[in-house]
Amino acid sequence: MYTAYMKTPLGTAQIQGDKDGISSISVLDAEDNSEMEIPIELKEAVIQLREYFEGTRKRFDLKLNPSGTEFQKKVWEELRNIPYGKRISYLDLSKKLGDVKAIRAVAAANGKNPIWIIIPCHRVVGSQGEMVGYAGGIHRKKWLLNHESPSRQQSLFS
(Lines give C-alpha, C1' and ligand atoms only; values in the text may rest on other atoms or scores of the structure.)
Protein backbone atom coordinates (compact mmCIF):
# COMPACT_ATOMS: atom_id res chain seq x y z
CA MET A 1 0.00 0.00 0.00
CA TYR A 2 1.35 3.38 -1.03
CA THR A 3 0.42 6.81 0.30
CA ALA A 4 0.64 10.24 -1.29
CA TYR A 5 -0.38 13.67 -0.06
CA MET A 6 -1.44 16.72 -2.00
CA LYS A 7 -2.60 20.16 -1.02
CA THR A 8 -6.14 21.07 -2.06
CA PRO A 9 -8.29 24.15 -1.43
CA LEU A 10 -10.04 22.10 1.28
CA GLY A 11 -7.03 20.69 3.13
CA THR A 12 -4.42 18.05 2.50
CA ALA A 13 -5.67 15.01 0.61
CA GLN A 14 -4.25 11.65 1.66
CA ILE A 15 -4.37 9.15 -1.22
CA GLN A 16 -3.77 5.44 -0.66
CA GLY A 17 -3.62 2.60 -3.12
CA ASP A 18 -1.49 0.14 -5.02
CA LYS A 19 -1.38 -1.65 -8.38
CA ASP A 20 -4.96 -2.86 -7.79
CA GLY A 21 -6.31 0.70 -7.59
CA ILE A 22 -7.10 3.57 -5.26
CA SER A 23 -8.37 2.27 -1.91
CA SER A 24 -8.93 5.57 -0.11
CA ILE A 25 -8.77 9.32 -0.45
CA SER A 26 -9.47 11.42 2.59
CA VAL A 27 -9.01 15.05 3.51
CA LEU A 28 -6.96 15.97 6.55
CA ASP A 29 -7.46 19.12 8.59
CA ALA A 30 -3.77 19.31 9.43
CA GLU A 31 -1.07 19.63 6.81
CA ASP A 32 0.81 16.39 6.32
CA ASN A 33 3.78 15.29 4.21
CA SER A 34 2.61 17.13 1.10
CA GLU A 35 6.17 17.52 -0.16
CA MET A 36 7.05 13.82 -0.28
CA GLU A 37 7.56 12.05 -3.59
CA ILE A 38 4.41 10.60 -5.14
CA PRO A 39 4.56 6.84 -5.83
CA ILE A 40 4.03 5.95 -9.49
CA GLU A 41 0.90 3.96 -8.57
CA LEU A 42 -0.75 7.18 -7.29
CA LYS A 43 0.53 9.79 -9.77
CA GLU A 44 -2.52 9.62 -12.04
CA ALA A 45 -4.85 10.12 -9.07
CA VAL A 46 -2.90 13.22 -8.03
CA ILE A 47 -2.98 14.57 -11.60
CA GLN A 48 -6.73 14.00 -11.97
CA LEU A 49 -7.54 15.50 -8.56
CA ARG A 50 -5.42 18.56 -9.39
CA GLU A 51 -7.32 18.94 -12.68
CA TYR A 52 -10.62 18.63 -10.80
CA PHE A 53 -9.68 21.45 -8.43
CA GLU A 54 -8.45 23.56 -11.37
CA GLY A 55 -11.89 23.12 -12.95
CA THR A 56 -10.68 21.24 -16.04
CA ARG A 57 -11.80 17.69 -15.07
CA LYS A 58 -15.40 16.61 -14.61
CA ARG A 59 -15.00 12.82 -14.78
CA PHE A 60 -12.39 10.59 -13.21
CA ASP A 61 -10.80 7.70 -15.02
CA LEU A 62 -9.05 5.77 -12.27
CA LYS A 63 -9.00 2.17 -11.16
CA LEU A 64 -10.69 2.04 -7.74
CA ASN A 65 -10.38 -0.65 -5.11
CA PRO A 66 -12.38 0.44 -2.06
CA SER A 67 -12.84 -1.94 0.83
CA GLY A 68 -16.43 -2.45 1.97
CA THR A 69 -19.43 -4.74 1.99
CA GLU A 70 -21.14 -5.74 -1.25
CA PHE A 71 -24.02 -3.39 -0.38
CA GLN A 72 -21.65 -0.47 0.26
CA LYS A 73 -19.86 -1.12 -3.02
CA LYS A 74 -23.21 -1.16 -4.84
CA VAL A 75 -24.08 2.24 -3.31
CA TRP A 76 -20.64 3.67 -4.13
CA GLU A 77 -20.92 2.46 -7.73
CA GLU A 78 -24.30 4.21 -8.06
CA LEU A 79 -22.77 7.39 -6.63
CA ARG A 80 -20.29 7.37 -9.50
CA ASN A 81 -23.26 7.69 -11.89
CA ILE A 82 -24.27 11.09 -10.49
CA PRO A 83 -23.09 13.60 -13.12
CA TYR A 84 -20.76 16.46 -12.30
CA GLY A 85 -22.74 19.51 -11.23
CA LYS A 86 -25.87 17.48 -10.36
CA ARG A 87 -27.38 16.62 -6.99
CA ILE A 88 -29.73 13.87 -5.91
CA SER A 89 -31.44 13.12 -2.62
CA TYR A 90 -30.88 10.08 -0.43
CA LEU A 91 -34.42 9.02 -1.36
CA ASP A 92 -33.61 9.27 -5.09
CA LEU A 93 -30.45 7.26 -4.52
CA SER A 94 -32.44 4.58 -2.68
CA LYS A 95 -34.92 4.44 -5.58
CA LYS A 96 -32.08 4.05 -8.11
CA LEU A 97 -30.81 1.12 -6.05
CA GLY A 98 -34.26 -0.48 -6.18
CA ASP A 99 -35.42 -0.19 -2.56
CA VAL A 100 -36.96 3.03 -1.30
CA LYS A 101 -37.13 1.53 2.22
CA ALA A 102 -33.34 1.17 2.32
CA ILE A 103 -32.82 4.93 2.66
CA ARG A 104 -31.09 4.67 6.05
CA ALA A 105 -28.79 1.88 4.89
CA VAL A 106 -28.01 3.87 1.73
CA ALA A 107 -27.24 6.97 3.80
CA ALA A 108 -24.99 4.91 6.10
CA ALA A 109 -23.11 3.43 3.12
CA ASN A 110 -22.79 6.92 1.65
CA GLY A 111 -21.20 8.07 4.91
CA LYS A 112 -18.66 5.22 4.79
CA ASN A 113 -17.41 6.18 1.31
CA PRO A 114 -13.61 5.82 1.50
CA ILE A 115 -12.76 7.64 -1.74
CA TRP A 116 -13.34 11.38 -1.34
CA ILE A 117 -14.51 13.31 -4.44
CA ILE A 118 -13.91 10.50 -6.97
CA ILE A 119 -16.88 8.61 -5.50
CA PRO A 120 -18.99 11.79 -5.26
CA CYS A 121 -21.01 11.32 -2.07
CA HIS A 122 -21.00 15.13 -1.73
CA ARG A 123 -23.61 15.24 -4.53
CA VAL A 124 -26.23 13.60 -2.29
CA VAL A 125 -28.39 16.04 -0.34
CA GLY A 126 -31.53 15.93 1.77
CA SER A 127 -34.99 15.68 0.17
CA GLN A 128 -35.44 19.45 0.31
CA GLY A 129 -31.93 20.12 -1.03
CA GLU A 130 -30.47 20.70 2.43
CA MET A 131 -26.82 20.02 3.21
CA VAL A 132 -26.82 16.97 5.46
CA GLY A 133 -24.43 14.22 6.44
CA TYR A 134 -20.96 14.80 5.06
CA ALA A 135 -18.01 13.12 6.77
CA GLY A 136 -15.60 15.79 5.50
CA GLY A 137 -17.68 18.57 7.04
CA ILE A 138 -20.61 20.52 5.65
CA HIS A 139 -18.31 23.45 4.77
CA ARG A 140 -16.41 21.15 2.39
CA LYS A 141 -19.62 19.74 0.91
CA LYS A 142 -20.86 23.27 0.19
CA TRP A 143 -17.52 24.20 -1.36
CA LEU A 144 -17.52 21.12 -3.63
CA LEU A 145 -21.11 21.67 -4.77
CA ASN A 146 -20.36 25.32 -5.48
CA HIS A 147 -17.17 24.33 -7.35
CA GLU A 148 -19.24 22.02 -9.58
CA SER A 149 -22.13 24.42 -10.03
CA PRO A 150 -22.64 25.53 -13.65
CA SER A 151 -23.75 28.94 -12.41
CA ARG A 152 -20.79 29.69 -10.15
CA GLN A 153 -20.42 33.30 -9.11
CA GLN A 154 -17.77 34.84 -11.32
CA SER A 155 -15.39 37.49 -10.03
CA LEU A 156 -15.85 40.99 -11.37
CA PHE A 157 -12.14 41.57 -10.96
CA SER A 158 -9.89 39.05 -12.71
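How do the residues of the lining of the largest pocket divide into nonpolar, polar and charged? The model is a predicted one, in which local features need pLDDT of at least 70 and side-chain atom pairs count only at pLDDT 80 or more, while totals for chains, interfaces and linings use all residues. Residues are numbered from 1 along each chain as its sequence is written, and side-chain values use heavy atoms, with hydrogens and water left out.

The lining of the largest pocket divides into seven nonpolar residues, one polar residue and four charged residues, where Ala, Val, Leu, Ile, Met, Phe, Trp, Tyr, Cys and Pro count as nonpolar, Asp, Glu, Lys and Arg as charged, and the others, Gly among them, as polar. Among the residues that line the largest pocket are Lys58, Arg59, Phe60, Arg80, Tyr84 and Arg123. A pocket, on a 1 Å grid over the protein atoms alone, is an open set of points where a 1.4 Å probe fits, with protein on both sides within 12 Å along at least five of seven lines, and its lining residues have an atom within 4 Å of a point. The space in the largest pocket comes to about 230 Å³, a volume being the space filled by probe spheres set on grid points that are joined across faces, edges and corners.

The second largest pocket has a volume of about 200 Å³, and its lining divides into seven nonpolar, five polar and no charged residues. Strand 3 gives the most to this lining, with three residues, and both strand 3 and helix 4 supply at least two residues each; helices (H or I, at least four residues) and strands (E, at least two) are DSSP runs, numbered from the N terminus. The lining includes Ile25, Ser26, Val27, Asn110, Cys121 and Tyr134.

Strand 1 (residues 2–8) pairs with strand 2 (residues 11–18) in the antiparallel sense over seven bridges, two strands being paired if DSSP finds at least two bridges between them. Tyr2 has Gly17 in strand 2 as its bridge partner, and two residues lie between the two strands of this hairpin. Strand 2 is in turn joined by seven bridges to strand 3 (residues 21–28), again running antiparallel, with Thr12 opposite Leu28; these two strands likewise form a hairpin with two residues between them.

Cys121, part of the second pocket's lining, is listed by UniProt under "active site" in an unreviewed entry, and such annotations, given in the numbering used here with feature names shortened, may be inferred rather than shown by experiment. Cys121 lies in the loop between helix 4 (103–111) and strand 5 (124–125). Why is Cys121 classed as buried? Cys121 is buried because its relative accessible area is 10%, and buried means under 20%, exposed over 50% and partly exposed in between, with a 1.4 Å probe and protein chains only. Not counting residues up to four places away in sequence, Cys121 touches Leu79, Asn110, Asn113, Tyr134 and Lys141, contact meaning heavy atoms within 4.5 Å.

Two further residues complete the walk. Gln72, in helix 2 (residues 70–79), is buried, with a relative accessible area of 17%, and is in contact with Ala109 and Lys112, leaving aside its neighbours within four places in sequence. Met131, in the loop between strand 5 and helix 5 (138–148), is partly exposed at 24% relative accessible area, and its C-alpha atom is separated by 7.4 Å from that of Lys142, eleven residues apart along the chain.
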